[in-house]
Amino acid sequence: MKAPEKKWHRLWKGSWSALILALMLVATACGSPAASGQGEQAQGNPAPVAQQQAQPVADKPVTLQNNGMEMTYPEAPKRAVTLNQHVTEVMLDLGLGDKMVGTAYLDDQILPELKEAYDKVPVLSDKYPSKEVLMAAEPDFVYAGWKSGFGDKGVGSMEELEKAGIKSYLHESSNKAAPTVEDVFTDIQNIGRIFRMEDRANELVSKMKTEMEQTTSKLGQVDKPLKVFVYDSGEEQAFTAANNYMTALINMAGGKNIFDDIQKGWADVSWEEVVSRNPDVIIIVDYGDKSLEQKRELLLSKKELASVSAIQNNRLIVLPLSAASEGVRGPIALKILAEGLYPEKFKQ
């Protein structure tokens, strides 16, 4: 048996040597600049953008200041619930419908182009869902448009949700004094960061800016802004927009809110004060228990307002609440306001 063993040993040794040589040749080829696609780098040229990203953004925690808290989002949420229409539309417009396990609280109809995506999301409640209903959806992220969403009549505070292992975000532009259009853009971009979709968020903001600039360019220079009164609701007195997002939109549309000197978002004012400030145009915010026609009739028939220029000239503009909120409808709201204030500038 010795001779065959020696022969087999020689054969095995020769085969093993050949295998090692082959592996060395493959390794050398893979390590060469041409094989690794790094030939240009070896000559001093920069790597493509995709190669420069050593660590994907999705692997990095995102930390933001929100509602006076430092919030860290270790990963992109997978089971989101939205409270309030304008933030629901932000999510859907960012293409995040497949990350939503629930939504609640519509003011009116969802944007037509977002309806197909919206119809695939479970509606948890007409208003704010109970805590039990929310928890049954097993969310890992809750996004509210108004502070009331995280209040006593809402789903619980952000701190309570955090203790339950649920991340959250409050749309800050809806809950601060004198918000600007840029504040809305920041909220949209923050959601893009949280869901690791910054490029998509930036694209949406860029699109909104372009559409708004198209309106302001047609509007041109306005030397004497029209005086505007915003009617939300109320009979004995008027509930109106003071120093809020609508004021920013009215300014962009070439108007001036007659109650922008009140340093809060919304306020009750007397009809006598409305008459005193004599608005040229009245904006009716369309939503709530009273229909648009009921609100219109109230204004036109109210004796106290008979001498007001807007009533005498029947200058009434209708703005849905969803358009007046700090969401993706900024370009729509601006166009409605600008065309209503200065129709002559938008005639074809």
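Buried means under 20% relative accessible area, exposed means over 50%, and partly exposed is what falls in between. Keep that scale in mind for this tour of a predicted model.

**Stop 1: charged pairs**

Start by selecting Lys78, which has 49% relative accessibility and therefore counts as partly exposed. Show Glu75 as well: the two side chains form a salt bridge, with N to O at 3.7 Å. The whole structure holds 14 salt bridges.

Now select Glu160 and Lys131, whose side chains also meet in a salt bridge, at 3.9 Å from N to O. This pair links distant parts of the chain, since Glu160 sits in helix 8 (residues 158-163) and Lys131 in helix 7 (residues 131-136), 29 residues apart. Glu160 is partly exposed at 43% relative accessible area, and Lys131 is partly exposed too, at 40%.

Move on to helix 16 (residues 330-341), where you will find both Lys335 and Glu339, four residues apart, or about one turn of the helix. Their closest N and O atoms are 2.7 Å apart in a salt bridge. Lys335 has 41% relative accessibility, so the residue counts as partly exposed; Glu339, at 30%, is partly exposed as well. For a network, select Asp261, Glu273 and Arg277, which are joined by salt bridges that share partners.

**Stop 2**

In what order do the four strands of the open sheet run? The order is 10-8-12-13, with parallel pairing. Strand 10 (255-257) and strand 13 (316-320) are the edge strands, each pairing on one side only. From one strand to the next, the twist averages 35 degrees.

Zoom in on strand 8 (residues 226-231), which is joined to strand 10 by three bridges. Leu226 has Gly255 in strand 10 as its bridge partner.

Bring back helix 16, which lies across strands 8, 10, 12 and 13 and runs at about 175 degrees to strand 13.

**Stop 3: the nonpolar cores**

Which residues touch the most other members of the largest nonpolar core? Select Phe141, Ile188, Ile191 and Ile283 to see them; the core has 75 residues. Around Phe141, leaving out residues up to four places away in sequence, the contacts include Tyr73, Pro77, Val81, Ile166, Tyr169, Ile191 and Phe195. A second, separate core has 18 residues, among them Phe259, Leu292, Leu299 and Val308.

**Stop 4: aromatic rings**

There are nine aromatic pairs to look for. Show Tyr73 with Phe141: the ring centres are 6.2 Å apart and the planes meet at 70 degrees, so this pair is edge-to-face. Tyr73 belongs to strand 2 (residues 69-73) and Phe141 to strand 6 (residues 141-144), so the pair ties together parts that are 68 residues apart in sequence.

Finish with Phe239 and Trp266, a stacked pair with 5.6 Å between centres and 20 degrees between planes. Phe239 lies in strand 9 (residues 238-241) and Trp266 in strand 11 (residues 266-269), 27 residues apart in sequence. Phe239 is partly exposed at 26% relative accessibility, and Trp266 is partly exposed at 27%.

Definitions and conventions:
Residues are numbered from 1 along each chain as its sequence is written. This is a predicted model: local features need pLDDT of at least 70, side-chain atom pairs count only at pLDDT 80 or more; totals for chains, interfaces and linings use all residues. Side-chain values use heavy atoms; hydrogens and water are left out. A salt bridge is a side-chain nitrogen of Lys or Arg within 4 Å of a carboxyl oxygen of Asp or Glu. Buried means under 20% relative accessible area, exposed over 50%, partly exposed in between (1.4 Å probe, protein chains only). Helices (H or I, at least four residues) and strands (E, at least two) are DSSP runs, numbered from the N terminus. A nonpolar core is a set of buried Ala, Val, Leu, Ile, Met, Phe, Trp, Tyr and Cys residues joined through side-chain atoms within 4.5 Å. Contact means heavy atoms within 4.5 Å. Two strands pair if DSSP finds at least two bridges between them. Axes are lines fitted to C-alpha atoms, for helices over the stretch in contact, and angles run from 0 to 180 degrees between N-to-C directions. Rings of Phe, Tyr and Trp (its six-membered ring) pair if their centres lie within 6.5 Å; planes under 30 degrees apart count as stacked, over 60 as edge-to-face and the rest as tilted.
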